[in-house]
Amino acid sequence: MSAAAKTEPKIIFRIQLEPEGRIGRGKIELLSHIRETGSISAGGRAMDMSYRRAWLLVDEMNRLFRQPVVESQRGGKQGGGAVLTPFGEALIAHYHAMEEKARSALAEEIDWLVANLAD
């Protein structure tokens, strides 16, 4: 069996909420980096993403939900920055909980697939 075939299969969990709205591990990872760095720019850089791309993703999430996910402050004397709202924190927690439930629910079927992979 090749080294690639020996790696653990991954379930890539993404929720399509409307034709243009979706939440997946990339956006959740971006939110986590923003929480850690206090900055949309630094959060994007942690993922090798431009500030523009990171800002567009945050803007998309903020428009998708009734409550904002991230609140930002422009630069200047205060230095700018961004923080996750309580809803943003809850979104990360709920996403991870859903991801774990999906992983657990499919574990037996994934094991079956792995057992039947070609050598």
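This report describes helix packing, aromatic pairs and selected residues in a predicted model.

## Packing of α2 against α5

Helix α2 spans residues 25-37 and helix α5 spans residues 86-115. Their axes come within 10 Å and cross at roughly 135 degrees. The crossing of α2 past α5 is left-handed.

On the α2 side, the residues that meet α5 are R25, I28, L31, S32 and R35. Their counterparts in α5 are E89, L91, I92, Y95 and H96. By class, the residues of this contact comprise 5 nonpolar, 2 polar and 3 charged.

## Packing of α2 against α4

Helix α2 also packs against α4, with axes that come within 11 Å and cross at roughly 105 degrees. This angle makes α2 roughly perpendicular to α4, because the range from 65 to 115 degrees defines that class.

From α2, the residues K27, L30, L31 and I34 take part in the contact. They meet A54, L57, V58, E60 and M61 in α4. The contact of α2 with α4 contains 7 nonpolar and 2 charged residues, and no polar ones. L31 is listed in the contact with α5 and also in the contact with α4.

## Aromatic pairs

The structure contains 2 aromatic pairs. In one of them, the ring centres of F13 and Y95 are 5.5 Å apart and the ring planes stand at 55 degrees, so the pair is tilted. This pair joins distant parts of the chain, as F13 belongs to the loop between α1 (3-6) and β1 (14-16), whereas Y95 belongs to helix α5, 82 residues apart. Both F13 and Y95 are buried. Y95 is also among the α5 residues that meet α2.

The rings of F65 and F87 form a pair with centres 5.2 Å apart and planes at 55 degrees, so this pair is likewise tilted. It too links distant parts of the chain: F65 is in the loop between α4 (51-64) and β3 (70-73), and F87 is in helix α5, 22 residues apart. F87 has a relative accessible area of 22% and is therefore partly exposed.

N62 is located in helix α4. Its relative accessibility is 22%, so N62 counts as partly exposed. When residues up to four places away in sequence are not counted, N62 touches Q67, P68, V69 and V70. N62 and G88 are separated by 26 residues in sequence, while their C-alpha atoms are 9.2 Å apart in space.

H33 lies in helix α2. With a relative accessible area of 16%, H33 is buried, because values under 20% fall in that class. Apart from neighbours within four places in sequence, H33 is in contact with G38, G43, A46 and M47.

## Backbone geometry at D48

D48 is found in the loop between α3 (40-45) and α4. Although D48 is not a glycine, it has a positive phi of about 55 degrees. The relative accessibility of D48 is 77%, so this residue counts as exposed.

Notes. Residues numbered from 1 in each chain as written. Predicted model: local features only at pLDDT ≥ 70, side-chain atom pairs only at ≥ 80, totals over all residues. Heavy atoms only, no water. Axes fitted to C-alpha atoms, helices over the stretch in contact; angles between N-to-C directions. Helix = DSSP H or I, 4+ residues; strand = E, 2+ residues; numbered from the N terminus. Left-handed = near helix turned anticlockwise from the far one by under 90°. Contact = heavy atoms within 4.5 Å. Nonpolar A, V, L, I, M, F, W, Y, C, P; charged D, E, K, R; others polar. Phe/Tyr/Trp six-rings, centres within 6.5 Å; stacked < 30°, edge-to-face > 60°. Buried < 20%, exposed > 50% of the residue type's maximum accessible area, 1.4 Å probe, protein only. Parallel < 35°, antiparallel > 145°, perpendicular 65-115°, else oblique.
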